[in-house]
Amino acid sequence: MNNWPAWLPLREQLRPLTPYGAPQVPALARLNTNENPYGPSKTLAAAISKRVGEVSVNLNRYPDRDALKLRQGLADYLEKQSGVKLEIENIWAANGSNEILQSIFLAFGSSKALGFVPSYSMHPLIGKVANVEWVEGARNSDFTLNLSKAIEQISTYKPALTFITSPNNPTGSAVTISDIEELAKATANVNGLLVVDEAYAEFSSQKSAISLIEKFPNVLVSRTMSKAFAFAGARLGYLAANKIVIDAIQLVRLPYHLSALTQAAAEVALDFQDELLAEVAKLIKDRDKVAKNLEELGLKVIPSDANFILFSGFKESSHDLWQELLADGVLIRDVGLPGYLRVTIGNEAENQIFLKAVQKALKGAL
Ligand SMILES: *Cc1c(COP(=O)(O)O)cnc(C)c1O
């Protein structure tokens, strides 16, 4: 809707925008938003219910607005994963990493923001909502990062914020830690921050940018429990950064932004990290299997370090193939790149349903 009525004092820069809206429609296989197909185990669900029950008797009180216990748990988790020593003061937590990203724009959007497209569509959208000018940086034609061009664009535009998503969404490819270090230097040279969106880090074989935080105080690493921890419904994202960055983020947080229920549930999920990461290992194996199967069908696959695959090489338009798969009960994602579609790795049955539907569609298009 962009013919808003005259009586509505909608901010000018919001008028041309459309709200985020990945289709939420029923399907046999829902493989469009990179959710983890494995719901919490019965033991984990029971443990969450128990903890939520315990905190429920105190719901007349505001929650711990500093979420100290949860942030300590997140610091310990990241330290275990990355080998980097982290303290509570290096971590912030919020309702999904989208809230983390919004806080970053609100606190540090003092001039332009730069990102290299195609990448996560919410970076420019949140930026525009926060009234930060968005500069679209370029990539190589195979969507890999063009490091020298990126560095050139950073020195030209001198952005306050530069975004890099690794593994990237929607392509799935990871950026090497040495390239990220070069971006950290380039952004530091223009007094800018480098925001590394690591929503899919647990699925990747690349080293996390958390290893750069000590040397480069301008590096911010955004993480989420939505994907690897199979916790999208609970809404928990977090940030690892220099203590001064975390201090500044608190200037823009809303009072008591993270409910006592969310904090309790996330603390329990962290206790089950070994169980949850075992499922990540299975998804990685299945991702590589699905990629191989797609190639066997004659399609092209971008090597993925995430829990989804971007593929091409079909004759129909992206929209037509997307539609045809949906008619067969398979919901995947048309990410707006002509000739490409993105599929999330599901459970074994969903992956089979998807592959069968693709095979059928490709035959029909001959
Ligand atoms: C899924 C995703 C997120 C996660 O958002 P949440 O708000 O934590 O659910 C963040 N960044 C990227 C690149 C994503 O793909």
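Visitor: In E12, which residue is the bridge partner of Phe-308?
Guide: In this predicted model, strand E10 covers residues 308-312 and pairs with E12 in the antiparallel sense over four bridges. The bridge partner of Phe-308 in E12 is Thr-344.

Visitor: How many Å apart in space are Val-301 and Lys-289, C-alpha to C-alpha?
Guide: Val-301 belongs to strand E9. In sequence, Val-301 and Lys-289 are 12 residues apart. In space, the C-alpha to C-alpha separation of Val-301 and Lys-289 is 12 Å.

Visitor: How many of the residues of strand E6 are buried?
Guide: Strand E6 spans residues 193-197 and is mostly covered. Leu-193, Val-195 and Asp-197 point one way from E6, while Leu-194 and Val-196 point the other way, and all are buried. The number of buried residues in E6 is five of five.

Visitor: In E6, which residue is the bridge partner of Leu-161?
Guide: Strand E5 (residues 161-165) and E6 pair in the parallel sense over five bridges. E5 and E6 also form a right-handed β-α-β unit together with helix H6 (residues 177-189). The partner of Leu-161 in E6 is Leu-193.

Visitor: In E7, what is the bridge partner of Val-195?
Guide: E6 and strand E7 (residues 219-224) are paired in the parallel sense over four bridges. Val-195 is buried and points the way that Leu-193 and Asp-197 point from E6. Its bridge partner in E7 is Leu-220.

Visitor: Which helix makes a right-handed β-α-β unit with E3 and E4?
Guide: Strand E3 (residues 113-116) and strand E4 (residues 134-137) run parallel and are joined by four bridges. Within this pair, Phe-116 stands opposite Gly-137 in E4. The helix that makes the right-handed unit with E3 and E4 is H4 (residues 122-129).

Visitor: Why does Ser-103 count as buried?
Guide: Ser-103 lies in helix H3 (residues 97-108). Leaving aside its neighbours within four places in sequence, Ser-103 is in contact with Ile-249 and Val-252. The class follows from a cut-off: buried means under 20% relative accessible area. Ser-103 counts as buried because its relative accessibility is 7%.

Visitor: What is the relative accessible area of Leu-325?
Guide: Leu-325 is found in helix H10 (residues 318-327). Not counting residues up to four places away in sequence, Leu-325 touches Val-330, Ile-332, Phe-354, Ala-357 and Val-358. Ala-349, which is 24 residues from Leu-325 in sequence, is 16 Å from Leu-325 in space, C-alpha to C-alpha. Leu-325 is buried, with a relative accessible area of 0%.

Visitor: How many residues in the lining of the largest cavity are charged?
Guide: The count of cavities of 30 Å³ or more comes to one, and about 70 Å³ of space lies in the largest cavity. Residues that line the largest cavity include Ser-166, Pro-167, Glu-198 and Lys-207. The lining divides into five nonpolar and four polar residues, and the number of charged residues is two.

Visitor: What is the volume of the second largest pocket?
Guide: Among the residues that line the second largest pocket are Val-84, Lys-85, Glu-87, Asn-90, Glu-214 and Lys-243. By class, the lining of this pocket has three nonpolar, two polar and four charged residues. The second largest pocket has a volume of about 170 Å³.

How values were computed: Residues numbered from 1 in each chain as written. Predicted model: local features only at pLDDT ≥ 70, side-chain atom pairs only at ≥ 80, totals over all residues. Heavy atoms only, no water. 1 Å grid on protein atoms, 1.4 Å probe; cavity = no way out; pocket = protein on both sides within 12 Å on 5 of 7 lines; lining within 4 Å. Points joined across faces, edges and corners; volume = space filled by probe spheres on them. Nonpolar A, V, L, I, M, F, W, Y, C, P; charged D, E, K, R; others polar. Pairing = 2+ DSSP bridges. Helix = DSSP H or I, 4+ residues; strand = E, 2+ residues; numbered from the N terminus. Right-handed = clockwise from strand over helix to strand, strands pointing away. Buried < 20%, exposed > 50% of the residue type's maximum accessible area, 1.4 Å probe, protein only. Contact = heavy atoms within 4.5 Å.
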